[in-house]
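Please look through the structure shown below, and then follow a few questions and answers about one loop and the strands around it.

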Amino acid sequence: SSIVHGHGLLFVNTGGHPGESEFWAIREGGKGDLIDSHVAWKMTKDTPFQTSPVLGDGLLYTVTDEGVLTCMEAATGKPVWSRRLKGKYGASPLAAADRIYLSNTKGATTVFAAGRECRELAANQLDGELWASPAVAGKTLLLRTKTHLYRIGQKG
């Protein structure tokens, strides 16, 4: 997964095997061994392995390979809410227009309202596997399967 930066912190997956990795928030500006001096908080349960987190309005969203979506306070790591989703996840979540988009490997994309309340807005199914992270182009959402590229937006 990629490192995400915000609020003076670097959000890092420590690597290793799925189920064994940890997720750390590391304060900027350190040198050498940072474990005692710069680790702001650690997440050891329901940590992402393949997927990268997304950050928005002081909240950090992660999804595990097994489909556990977690929203937490970025500065403290304090959980805000968590929800088990259907399917397995290899694509990173996308934060755009006050929404969080999550695509599972079986072609389902679920949309949540960004914020402190767990509120599902939509769920849609496409044919094909979704391993690539969703992307935004203007006012459209791009989703890529092994064989197709979908552009989703309003007509007109």
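Q: In which loop is the place of Thr-105?
A: In this predicted model, strand E10 covers residues 99-103 and strand E11 covers residues 108-113. These two strands form a hairpin with four residues between them, and Gly-107 in the turn has a positive phi of about 95°. The place of Thr-105 is therefore, with strands taken as DSSP runs, in the loop between E10 and E11.

Q: Does Thr-105 count as buried or exposed?
A: Leaving aside residues up to four places away in sequence, Thr-105 touches several residues, including Lys-88, Tyr-89, Glu-129 and Trp-131. Buried means under 20% relative accessible area. The relative accessibility of Thr-105 is 8%, so Thr-105 counts as buried.

Q: How many of the six residues of E11 are buried?
A: Ala-108, Thr-110 and Phe-112 point one way from E11, while Thr-109, Val-111 and Ala-113 point the other way, and all are buried. Strand E11 is largely enclosed by the rest of the structure, because the number of its residues that are buried is six of the six.

Q: Which residue in E12 stands opposite Phe-112?
A: Strand E11 pairs with E10 in the antiparallel sense over five bridges, and Ile-100 stands opposite Phe-112 there. E11 also pairs in the antiparallel sense with strand E12, residues 120-125, over five bridges. The E11 and E12 hairpin has six residues between its strands, and the residue in E12 opposite Phe-112 is Glu-120.

Key:
Residues are numbered from 1 along each chain as its sequence is written. This is a predicted model: local features need pLDDT of at least 70, side-chain atom pairs count only at pLDDT 80 or more; totals for chains, interfaces and linings use all residues. Side-chain values use heavy atoms; hydrogens and water are left out. Buried means under 20% relative accessible area, exposed over 50%, partly exposed in between (1.4 Å probe, protein chains only). Contact means heavy atoms within 4.5 Å. Two strands pair if DSSP finds at least two bridges between them.
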